[in-house]
Amino acid sequence: MTEAQIWLDPDRARRGGVDLALAGEAIGAARREAGGAIAAASAEHPWGRDDIGAAFEKHYRGYEETLLRAWELLGRSLQGLGGGVVRSVTSTVETDDGASRRLGDIPQGHRSPPRHWR
């Protein structure tokens with residue numbers, strides 16, 4: 001960024017947003033597949049149902065739920081962020097194009113008298 005200008009490559013930024021959303025989808029799919037397998041396996045109590053297994057279950061379950069929830073949230077968040085990037089780029093380009101057209105409609109050499117605000 002130089003001279004207080006922002007340069008945006010809209011195609012590249014859109015692709016980045018799409019890639020981010022696709023990464024979120026992939027993370028969500030992995031969560032459903034691998035995370036589902038983890039949840040299903042732990043539901044079988046492979047650590048046993050004796051006192052030691054019960055103690056393990058008590059501590060493990062909370063961590064498992066937190067991890068699976070965070071994994072799901074990460075996927076959804078990346079999908080939403082990617083979509084937001086695409087929408088933002090589209091809006092920025094539309095705004096810039098509209099402003100450019102309006103500025104192009106101003107007759108050359110025409111100057112409005114200065115306005116004095118009170």
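Student: What share of the contacts in the protein chain with a separation of 6 or more comes from residues 24 or more positions apart?

Tutor: That share is 73%. Keep in mind that the model is predicted.

Student: How many helices and how many strands does the protein chain have?

Tutor: Start any reading with the secondary structure. Here the protein chain has two helices and zero strands. Helix α1 covers residues 10-43. Helix α2 covers residues 51-104.

Student: Where is the kink in α1 centred?

Tutor: The kink is centred on G35 and comes to about 25°. Just after α1, look at H45: its phi is positive, about 55°.

Student: Which residues of α1 are buried?

Tutor: First, a general idea. An α-helix has 3.6 residues a turn, so residues three or four places apart point the same way. Now the case here. The buried residues of α1 are G17, A21, G24, G28, R31, G35 and S42.

Student: What covers the buried residues of α1?

Tutor: The cover includes α2. A26 lies in helix α1.

Student: Is A26 buried or partly exposed?

Tutor: Compare its relative accessibility with the cut-offs: buried means under 20%, exposed over 50%. A26 has 47%, so it counts as partly exposed.

Student: And E64, is it buried or exposed?

Tutor: Apply the same cut-off. E64 has a relative accessible area of 7%, so it is buried. E64 sits in helix α2.

Student: Which residues does E64 touch, not counting those up to four places away in sequence?

Tutor: E64 touches I38, A39 and S42.

Student: With which side chain does the side chain of E64 make a polar contact?

Tutor: The partner is the side chain of R61, at 2.6 Å.

Student: What percentage of the protein chain's residues is buried?

Tutor: Zoom out to the whole. Of the 118 residues in the protein chain, 15% are buried. The chain exposes about 9600 Å². Carbon and sulfur atoms supply 58% of that area.

Definitions and conventions. Residues are numbered from 1 along each chain as its sequence is written. This is a predicted model: local features need pLDDT of at least 70, side-chain atom pairs count only at pLDDT 80 or more; totals for chains, interfaces and linings use all residues. Side-chain values use heavy atoms; hydrogens and water are left out. Helices (H or I, at least four residues) and strands (E, at least two) are DSSP runs, numbered from the N terminus. Buried means under 20% relative accessible area, exposed over 50%, partly exposed in between (1.4 Å probe, protein chains only). A polar contact is a pair of N or O atoms within 3.5 Å; within protein, one must be able to donate a hydrogen and the other to accept it, and residues adjacent in sequence count only if both atoms are side-chain atoms. Contact means heavy atoms within 4.5 Å. Accessible areas come from the Shrake-Rupley method with a 1.4 Å probe; for residues, only the protein chains shown count as cover. The expected span of a helix is 1.5 Å times one less than its number of residues. The bend at a residue is the angle between axes fitted to the seven residues ending there and the seven starting there.
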